[in-house]
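Biologist: Could you take me through this chain, please?
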Amino acid sequence: MSVTKEDVGKFLDENPVFAKVYYDKKLKAGAIAAVMNRPESTVDFATFKELSQVEEAEILFNLIHDMQENVNMEKVVFKVLRRISFLIHADRCSLFMYRQRNGIAELATRLFNVHSSAELEDCLVPPDSEIVFPLDIGVVGHVAHTKKTVNVKDVSEDSHFSPFVDELTEYTTKNILATPIMNGKEVVAVIMAINKTDGPFFTPEDQDLFLKYLSFATLNLKIYHLSYLHSCETRRGQQLLLWSANKVFEELTDIERQFHKALYTVRAYLNCDRYSVGLLDMTKEKEFFDVWPVLMGEQAPYKGPVTPDGREINFYKVIDYILHGKEEIKVIPTPPADHWALSSGLPTYVAETGFICNIMNAASEDMFNFQKEPLDSSGWTIKNVLSLPIVNKKEEIVGVATFYNRKDGKPFDDQDEQLMESLTQFLGWSALNTDTYDKMNKLENRKDIAQDMVLYHVKCRNDEIQDILKTKEYYGCEPAECEEDELFQILKKELPGPTKFEIYEFHFSDFDCTELDLVKCGIQMYYEVGVVKKFQIPQEVLVRFMYSVSKGYRKITYHNWRHGFNVGQTMFTLLTTGQLKQYYTDLEVMAMITSGFLHDIDHRGTNNLYQVKSQNPLAKLHGSSILERHHLEFGKFLLADESLNIYQNLNRRQVEHVMHLMDIAIIATDLALYFKKRTMFQKIVDLSETYEERKKWVDFMALETTRKEIVMAMMMTACDLSAITKPWEVQSKVALSVAAEFWEQGDLERTVLNQQPIPMMDRYKAAELPKLQCGFIDFVCTFVYKEFSRFHKEIQPMYDGILNNKKEWKAKQDEYEAKLKAIEEANKAKEEAAAAKQTANNASSTGSGSKTCCVS
């Protein structure tokens, strides 16, 4: 017959005298000392009845002493759990801390597998090894969700039990005793004991003892939680106070400086080792020359990530703040895609979704590829990450702030998220100030430029208009007092007509024309293409406009009114004589001729690069194609005046279309964009040769808006460079004018900027002009006219002209190089003769010299 444990317990309860004798006989001082963790010499066996009470008092005293001495929370709770595991005979106990991350509540292990003989270092869980329970998984999650103590006698019969930790640790859980630690109505943590070692499950007595001891752990965890909340609120308050004290909003120059000042001011309160800010490109619409390749099917449409408002995600700058070790700030303009701050893909994801992302263990993250190796020589690695979007008042994401490695080694929690979110919201809202400042700054620059224009360029005066529209001579009144038919009759007599100056010819030269003649010729062209009557252009307005355009060009060496007119005349000739007009409507023809006349208005005689180097306001106002955008704006400035607006009788859609074409045509004269459109134009020419019938090709092109714009842009380039195609006697003189203006810029670079000009702009290298002209013709010009001559045979004279001029310049280059070679050979002969003479002298001196003897 076998005796069970219950039988023994019942016998001892019924025979207390026997139990006492047996207990005194078997329990030795050594066994007590081992259980109590004390030296055997300190165990007073005679007073053993009070021993447990003394031990408990000493344990509780030590716990309270640790709490008073501000020892970290983990150490105090560890001692409590170790004691509990001994008292209730639990195989192990664990502490799970409650937190919220990315708006989702969860429990994470802080102390794991605590038993009666455990060491703190073995049970303390580092952040990268945490086991995390959402509140809808496992008994521990159920306890946090219901906020009630549970005693699970058999986990196999409990629906809330999840075996994933057992599978992870190769452990078998049989029974569980768990309770929530509360601070008011908020869950702070969950403490759990598992597997009763001396029984099948935890008894009600075990549960009472468990909760009794946990009152000390609860107190300690409450103190820890309140201290943490106080620290967060203090940091938040100090952050705002520091911002106010440092007057962050006084820094309005640009968003980068403002973000830097704000973040640098509060760096001590961010509670992280490192953080970076990626600033996003705010461009929403691409330039036309970037859209064309997509529309032509040569480049695939962008399919990468975009912001919620539809912008392509492009970080144009990353600011990296290093707070661990020696503080350092790194600014990375135009960061590459493999830069460590971007390569993980997290900033791009945040910019795309607008989500706050809290990564507790970067090394094991599957969605993002964080760099696992140290980032620098200090051995610093990414452990946990918090990334947030910076959103402005327009709800546009202007950047992404990413914080790395909380200083205490733990993951960022909901308090960190709230603090960082308030910081990024503040930064986003403050961006409105920099936007306002930027607009004010641009307005100020525009005002300065407009004042400059008003001082230098004056509208056509009433006395000046009488040079062309002689109403006083014919009718004795002002133009405004005349009928349109009367003005037409005057212009019919005063304008030179189409043949006098050969405005239909590619070989046109302005050498025999006065500037007033050119104004008259320009007016004549509008009549020739039939737009004056069709679009009801007031004739007084047309005359004033052309006269004002001529005055808008500065009196400089080359980029003056004569050049402006020549470009407009070439556009007119390409459209008419070159028969390109058949692709365009009359409205488009008017826009193209007008663009030709306006394309270099108010040119300063210096190029775009010089505007940047000299810090001209134009360079600050326009980021690219600086002068071209200024010419465009100046032209629009003239057209905005009612007395100069030749478009005043167009409807709104017609005006928008004309302005759109002017935008493209004038900006396309920037040679920096020329190489972007060459291949596209060549493909259009190739395509035209596949059509046997011209009419079908014209009908096709008339409907192809993008192709028409590309051809128009290339026509503007052909017009701008047309001097290179003129007869040699014209071209050679114009080339000298161009070179003279370049040399003037070179002089400015040498005297004002203290820089050595490039050879093309160095007047001391004027003899190299033929060589430079040959290079310019070969690498820039020839392609344009060769392709246009293929496109329309009527344009062949321009190609023939450039070939002839290349031949002339090559002859001059060969002549110059022959002279150089002759000079070099003559110098070499002189050097050889001098060397031979010196050798002969030395030989003669050696043969006939006196021999002397020195006696010392």
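Biologist: How many helices and strands does the secondary structure come to?
Modeller: The chain has 32 helices and twelve strands, taken as DSSP runs (helices H or I, at least four residues; strands E, at least two) numbered from the N terminus. This is a predicted model, in which local features need pLDDT of at least 70, side-chain atom pairs count only at pLDDT 80 or more, and totals for chains, interfaces and linings use all residues. Residues are numbered from 1 along each chain as its sequence is written, and side-chain values use heavy atoms, with hydrogens and water left out.

Biologist: Where does P759 lie?
Modeller: P759 sits in the loop between α30 (728–751) and α31 (769–791).

Biologist: Which residues does P759 touch?
Modeller: Leaving out residues up to four places away in sequence, P759 touches K765, E768 and L772, where contact means heavy atoms within 4.5 Å.

Biologist: Changing topic, what share of the chain is buried?
Modeller: Buried residues make up 47% of the 856 residues.

Biologist: Among contacts between residues at least 6 apart in sequence, what share joins residues at least 24 apart?
Modeller: That share is 68%.

Definitions and conventions: Buried < 20%, exposed > 50% of the residue type's maximum accessible area, 1.4 Å probe, protein only.
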